[in-house]
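Please have a look at the sequence and the fold before reading on.

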Amino acid sequence: LNYLSADGLIRKHPTHPAALALARRAKTTLPGMEMVEKIGLAYTDALLATRRGLVALTINALPSADDADGLHWHRMSDTYEKIDPQTLAAAQCFTWQVLQEMDKE
């Protein structure tokens with residue numbers, strides 16, 4: 001799992017600082033979860049909001065670099081059967097923690 005600190009295909013747009021702060025706080029409250037902050041390779045749905053100054057965060061999961069066959073994002077092979085239930089549960093847990101961090105503000 002990872003969350004993006006910047007988003008965009010050619011020009012990288014930084015994620016809103018408030019969104020990054022929420023993600024970083026959520027990460028510290030879930031020490032057993034492997035969560036990485038990284039710069040996105042392309043654009044995501046959050047980019048439109050980010051470019052307009054809104055607080056938006058992209059959370060995603062990508063296969064390891066040695067698993068070239070594992071990447072199905074925006075392809076015909078991107079089907080429900082390819083979703084790892086444990087990874088989906090971890091993403092849900094992290095997202096819930098981000099929302100709880102928002103409630104603390």
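Predicted model: local features only at pLDDT ≥ 70, side-chain atom pairs only at ≥ 80, totals over all residues.

Residues are numbered from 1 along each chain as its sequence is written, and side-chain values use heavy atoms, with hydrogens and water left out.

**Overall fold**
- The chain holds three helices and four strands, taken as DSSP runs numbered from the N terminus (helices: H or I, at least four residues; strands: E, at least two).
- Read from the N terminus, the order of elements is β-β-α-β-α-β-α.
- The chain is as compact as a globular protein of its 105 residues, because its radius of gyration is 14 Å, close to the 13 Å of the globule rule (taken over C-alpha atoms; the rule is 2.2 Å times the number of residues to the power 0.38).
- The C-alpha trace spans about 40 × 35 × 20 Å along its principal axes.
- Of the 105 residues, 30% count as buried (under 20% relative accessible area, with exposed over 50% and partly exposed in between; 1.4 Å probe, protein chains only).
- Among contacts (heavy atoms within 4.5 Å) between residues at least 6 apart in sequence, 79% join residues at least 24 apart.

**The nonpolar core**
- The largest nonpolar core has eleven residues: Y3, L20, L22, A23, A26, L30, M33, M35, A90, F94 and V98.
- Such a core is a set of buried Ala, Val, Leu, Ile, Met, Phe, Trp, Tyr and Cys residues joined through side-chain atoms within 4.5 Å.
- Helices α1 (17–29) and α3 (85–103) each supply at least two residues of this core, and α1 gives the most, with four residues.
- Leaving aside neighbours within four places in sequence, M35 is in contact with L1, N2, Y3, K27, I59 and F94.
- In soluble globular proteins, nonpolar side chains tend to be buried together.

- N2 belongs to strand β1 (residues 2–7) and counts as buried, at 5% relative accessibility.
- Beyond its neighbours within four places in sequence, N2 is in contact with M35, V36, K38, T58, I59, N60 and L62.
- L47 sits in helix α2 (residues 46–51) and is buried, with a relative accessible area of 11%.
- Setting aside neighbours within four places in sequence, L47 is in contact with D7, G8 and H13.
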